[in-house]
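Colleague: I would like to learn how to read a sheet and a surface patch in a model. Could you walk me through one?

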Amino acid sequence: MHNINSQDYLYWRLVYELVTKHRFRIINLYDHGEVWLQRIEWREKNILRLVRDDINWGNYLVRDMANVTRVIDLYKQQTYSKKADFYNIFVSTYPPVDDWEYRVDNRNNVRIVLIEQTNWEQEIERLFKLLNLPSPEVKSWFSDMVDPTELINRLRQTEKNRKKAENDLLFAKKPFLTYVLVVINLIMFLLLELVGSGSTDLSTLIKFGAKYNPAILEGDWWRFITPMFLHIGFLHLLMNTLALYYLGISVERIYGTWRFLILYFAAGITGGVASFAFTTQVSAGASGAIFGCFGALLYFGVVHPSLFLRSMGWNIIVVLGINLAFGFLVPMVDNSAHIGGLIGGFLASAIVHLPNHKKSLRQAAAFLLFSVILGASLAYGFYYSDQKEDPLVVGQLSQQLIEDGNYEKANQLLSEVVQANGEVPPEILFLLSYTEIKLGQNEKAIPLLETVVEEKNDFHEAYYNLALLYLDKGDYEKAKASINKALEIKPYEGDYKSLATEIEKIK
């Protein structure tokens, strides 16, 4: 049987075991004999309160549990955590002289462990089982007993060293490349606005290097890289720049500049390849590379789960989830690039790994998987996916060509997309008919417009153009019917009224 000094030693030795061998973190440490510990892992979240006091009566435990319940409620409110397991551990010389279990209000389901002289081996073993930890050799603790003050000093030094090591992990490197990337994005946006026809102009975006599948199929491989520095509109630039600034700084601080450079471009390229393989729309933006930063932080969480979850983890996971959900809900968002960038960033982070970490087998496996995914995506994009041009994209490009007076090029693009797709939106057929008219091919334009009004009977511009073509052929009845239909849809349009009057005069 152990005396009171032995119980003091047992208490501090238990705390020391949990902190040094099982990486519990010290939340609070009081010399008088109260310590709060925390363990946060992917599957475990434990909060331990260890108290060294001699408990004579159950009333002590009743009052103590009431106070602990208030602390736990406050903790849950501050951390928004409902799933942590709480333990109230007492080391006492003797058990209370009265029954206490039935009197304790345990509405927070706090596990109580009472360690005293007659049960210390069994209770410590039970505690470690509850914590899913291997049972310690408790008897060996007493083979090299030291003064509890020495253990307290060791505990404080251990916690101090851990904090320094964690700061070295999170803030060891100074960010530089992030600022450079932000500046490049801003410069490219200004060039789009000042030199081109604006950052929302498709033809300008394609000229500056946006992801455009037909061009990639013809050999413009560099379009897997250049879209990372182009943005469509100021809001797109603003959102991506803010995301790059905050995420990029965190990733560059953790990984260092050259590792960040590799994983940023690897994620951006992977995102571009995924977009090429699975979407036909013109796309641009740093989103794929930015999602790669998410992937890099998730990889950091795999290597250092406790630090990740305590420092940034749930914020990163929630923000990532919101962004992915937004991508699935909004049709114009290129979610293929986002998911590709996320996977690419995660694997690239495993390839370069963290500074001062060496995991050759893991790095080799990550490189192999990255290569397989990238190669398979490229093969699918070039040889197996349906790379028909998106009619809506062709429509936008053609409209810009029409505005520039390049009717032959617009006619060629529109004719190709109609032949390749069979069924296209009536707006595409209308644009094609317009180019035929401008090229003097009225006979080709008429059946196109007739198809347009069959598919979309409120297309008043198509009825107006049909009326003009019928009038040109001398078919006044059809011309009159068409212009009347246009006036039914838009009765106050001046050109429509004038044409109707002209037809009536001719008749």
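Modeller: Gladly! Keep in mind that this is a predicted model. Let's begin with the sheet: five strands make up an open sheet with mixed pairing, ordered S1-S2-S3-S4-S5.

Colleague: Which strands stand at the edges?

Modeller: Those are strand S1 (25-30) and strand S5 (111-115). Each has a single partner strand, so one of its sides has no neighbour in the sheet. From one strand to the next, the twist averages 15 degrees.

Colleague: How many bridges join strand S2 to strand S3?

Modeller: When reading a pair, look at the direction and then at the bridges. Here S2 (residues 34-40) and S3 (residues 45-52) run antiparallel, and seven bridges join them. To find one on screen, pick Ile 40, whose bridge partner in S3 is Lys 45.

Colleague: Which helix lies across S1, S2 and S3?

Modeller: That is helix H11 (residues 305-329), which runs at about 80 degrees to S2.

Colleague: Now the surface, please. Which residues form the nonpolar patch?

Modeller: The patch consists of Tyr 179, Phe 234, Leu 235, Leu 238, Met 239, Leu 242, Tyr 245 and Tyr 246, and together they have about 850 Å² of accessible area. Helix H8 (residues 234-255) contributes the most, with seven residues.

Colleague: Let me try Phe 234, which is in helix H8. Is Phe 234 buried or exposed?

Modeller: Compare its relative accessible area with the cut-off: exposed means over 50%. Phe 234 has 54%, so Phe 234 is exposed.

Terms used: Residues are numbered from 1 along each chain as its sequence is written. This is a predicted model: local features need pLDDT of at least 70, side-chain atom pairs count only at pLDDT 80 or more; totals for chains, interfaces and linings use all residues. Side-chain values use heavy atoms; hydrogens and water are left out. Patches are made of residues with over 30% relative accessible area and no salt bridge: like charges are joined within 9 Å, nonpolar side chains (Val, Leu, Ile, Met, Phe, Trp, Tyr) within 5 Å. Accessible areas come from the Shrake-Rupley method with a 1.4 Å probe; for residues, only the protein chains shown count as cover. A salt bridge is a side-chain nitrogen of Lys or Arg within 4 Å of a carboxyl oxygen of Asp or Glu. Helices (H or I, at least four residues) and strands (E, at least two) are DSSP runs, numbered from the N terminus. Buried means under 20% relative accessible area, exposed over 50%, partly exposed in between (1.4 Å probe, protein chains only). Two strands pair if DSSP finds at least two bridges between them. Axes are lines fitted to C-alpha atoms, for helices over the stretch in contact, and angles run from 0 to 180 degrees between N-to-C directions. Contact means heavy atoms within 4.5 Å.
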